[in-house]
Structures are given as C-alpha cells and as structure tokens.
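Please read them with the coordinates open.

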Number of protein chains: 2
Amino acid sequence: MNTSTARATYHHGDLRVALLAAARALLDEGGVSAVSLREAARRAGVSPAACYRHFADKDALLTALAVQGFEEFAQALGKAFKGAQQPFAEMGVAYVEFAVQRPGMFRLMFGPAVADRTRSPALLEAIAGSTRLFESGLKTSTQAAPDDPVAGLRAWATVHGLATLAIDGMLPKYDPVMLARALAKLPLQAP
Amino acid sequence: MNTSTARATYHHGDLRVALLAAARALLDEGGVSAVSLREAARRAGVSPAACYRHFADKDALLTALAVQGFEEFAQALGKAFKGAQQPFAEMGVAYVEFAVQRPGMFRLMFGPAVADRTRSPALLEAIAGSTRLFESGLKTSTQAAPDDPVAGLRAWATVHGLATLAIDGMLPKYDPVMLARALAKLPLQAP
C-alpha cells in the first residue's frame, strides 16, 4: 500500500466491481468519451496499474460495461413482457425508455465505441440474451403477420430509430415514451 | 504571406470552401472525432488563425459540415423520389444508402456532435429541406394509412433505425440496402 497517498484496499474480485461501478458513473455522467481507465482507477481509489490488472485497455473496460448494459437491458425488456396484455408492444416502449434514461449506456451498447463485439464471447452472449427475449416477445405479437420474414427487423429498427432520434435531439418537441406508445399502438396512458 | 513555410493563398470566400472540403475529407476518413480546425487548416495550406476567421470554433465547422450533409441528403432523397413507381419506399432505401456510404457524415448530421442545432438557422433550414421532401414522399405512399397520425414518424424511425444498426455493426450478416428494400416492400432487385 502506497504510504504517501490514501489507497483503497479490495478483496479479490471486489476491485473489478468497484472499477466497473466507477466507469459506469463516468458513462452516465459524460458519455463514452468520459470513460477512462485512469479516472475509473482514481475514483475507485487505486493506482492505474491496479486497474490494468483487471482491464487490459479501455476497450476491455468499455466491453465489460456494455455486457452489464445488455444484461440490465434484458431485465428491463423481461419486466415489460411479464403480465402485459400486449407484451411485445410493451417491450418496445421499454426499449425506448431504457435509451432515454441511460443514453450514454445505450450509445455504448449499440454504437461504434466497442471496437469489435465479436472479440468478446461475454458480450455476444449478453446481446444474444436480449435478442432471445425480443424474439419471444415477437411470437406473442398479433400485429406482426406470421408470414412476414422481416417483421422482427422492422420492429427492432423502428424502436431503435425512435430511441436514437430521441436521445440525439431530433424529436425535441415530443415525449419519446409517448411516441413509443403511439408507434406500438398502445393506449397513451398506461392502464 | 508567411515566408518561412509555403502557404496557400485564396480569393475571398474560396478559403471557406477549401476548409470545408478538407474537413469533409477528415470526416469521411475518420469520423467526427477526426475533424479539427487545426488539421483542416493544415490540409488547406493555411494557418490555424486564418481558419478561425471563417469558423469561430470546432462546433461552427461541424455545423457547416452538417448543413452540407443535409443538402446532399436532400438531393439523394429527391433523386430517389423522381420517376419512381413507389417514391416513398425508394426514399427509404436512399436514406439507408446514404448512411452506409457516408457513415461519418450521417452520424454528424443526426448524432450528438453538433452541440445545439437550434443555434444555426442554416442547419435548421437544411434539415427542414429534407423533412419537406420526406413529407412529399409520405403523401404518395399507399402503404401508410391516411388516417394514421404517426405513419411518418414510424417510417422515419424505421429507416433511421435500420441505417443506424447497419453502420454500427449490429447487422453484420446482411446487406443493409437489401434489408431496406425488404422493409420498404420493394422488389429486392431494382427493376
């Protein structure tokens, strides 16, 4: 332990969690460009060198954050699905809600910040988890024609486009969640 | 003229055009983060100070680039519209094509890089030009129910989402323009 400045000490594994929590706060505060290994280490109270033992580089840290993001995203979709009268439509609303509440995370998950998603099996698995939920939802939808091979893509593109336009300030006059309800043909007031 | 290093000389107004062309090349090569006043000046062969006479800061340069982008985007939509059997569907394909061909410009136009679009009347007018074309297209569409108040938003969100997912690597197995044709219910081979 460094004697000249205060350093936090962590049990094995806890430092990774602390670094991720610090990086996540940076992401939520200032977007992807605000995330750095050095600043995450500083906030967790350890040296940058200690941080590098858990994350080889910034891309590794961003990838781990994106894994966390997709896991939480799947939870949000699953929660919207459960017990809803129109589960797939409610999932679409939850998709847009997630983006609006956590634009930094949403941009990290779906944007160009992670260099190559296929290099991380954990990230691919987290994405697949969300995709499986989305596909379960699609099967319950009465709006999608069962013989339409691109119904799932159309639904995905629509909610993703709405979410992206909203967080990028292209729909300044409207409440994005109300718009999502309108596009999903749900009552504008939740029952 | 600086005697120690070669400097380009420009007629009044030409330097602005040269700086924009240099910035546009930087954007196409490396995305928004690669654009800087200093590098645009270097490429145009002038001092950074000469550049500041035309663009107060990086945001001013990015805004001018985005104006150019929306003007070219409107041209692309207009070209797709003209003489097409299904003009609105062809505009949707052109929208996705533009994004795939010029991802850096597309992200600049619709993304968070420009601080505040409402501060630039020229940018608002360029966006309005694209919007007017899009709305003319919508009126010709037989797919949108005329009593559907969100038909235009649905169509916009769908093509924007498809374009965004494609350029951000979320649809790696597919040709985005083919997908756009499928979503627009156009023949997959142009006639």
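Predicted model: local features only at pLDDT ≥ 70, side-chain atom pairs only at ≥ 80, totals over all residues.

1. B:A49 belongs to helix α3 of chain B, which spans residues 48-52. Between B:A49 and B:R38 there are 8.9 Å from C-alpha to C-alpha, at a sequence separation of eleven residues.

2. The mean pLDDT of chain A is 91, and 94% of its residues reach at least 70. Within chain A, helix α6 (residues 103-110) has the highest confidence, at 97, while helix α3 (residues 48-52) has the lowest, with a mean of 90.

3. What does each chain bring to the contact between chain A and chain B? Chain A supplies 20 residues and chain B supplies 20 residues. On the side of chain A that touches chain B, two or more residues come from each of α8 (151-167) and α9 (176-183) of chain A. The largest contribution to that side is made by α8(A), with nine residues. By class, the side of chain A that touches chain B holds eleven nonpolar, six polar and three charged residues.

4. The largest nonpolar core has 116 residues. Which of its members touch the most others? They are A:L19 and A:L162, together with B:L19 and B:L162. Apart from neighbours within four places in sequence, B:L19 has contacts with B:A40, B:A41 and B:A44, and also with B:C51, B:H54 and B:F55.

5. In chain A, helix α1 (residues 14-30) packs with helix α2 (residues 37-44) at an angle of about 115 degrees, and their axes are 8 Å apart. The crossing of α1(A) with α2(A) is right-handed. On the α1(A) side, the contact is formed by A:L15, A:A18, A:L19, A:A22, A:A23 and A:L26. The α2(A) side contributes A:E39, A:A40, A:A41, A:R43 and A:A44. Sorted by class, this contact between α1(A) and α2(A) contains nine nonpolar and two charged residues, with no polar ones.

6. One residue links the last two points. A:L19 is among the core members that touch the most others, and A:L19 also takes part in the contact of α1(A) with α2(A).

Terms used. Residues numbered from 1 in each chain as written. Chains lettered and ligands numbered in written order. Contact = placed C-beta atoms within 7 Å. Helix = DSSP H or I, 4+ residues; strand = E, 2+ residues; numbered from the N terminus. Nonpolar A, V, L, I, M, F, W, Y, C, P; charged D, E, K, R; others polar. Core = buried A, V, L, I, M, F, W, Y, C linked by C-beta atoms within 7 Å. Buried ≥ 20, exposed ≤ 12 C-beta atoms within 10 Å, placed from the backbone. Axes fitted to C-alpha atoms, helices over the stretch in contact; angles between N-to-C directions. Left-handed = near helix turned anticlockwise from the far one by under 90°. pLDDT = per-residue confidence, 0-100.
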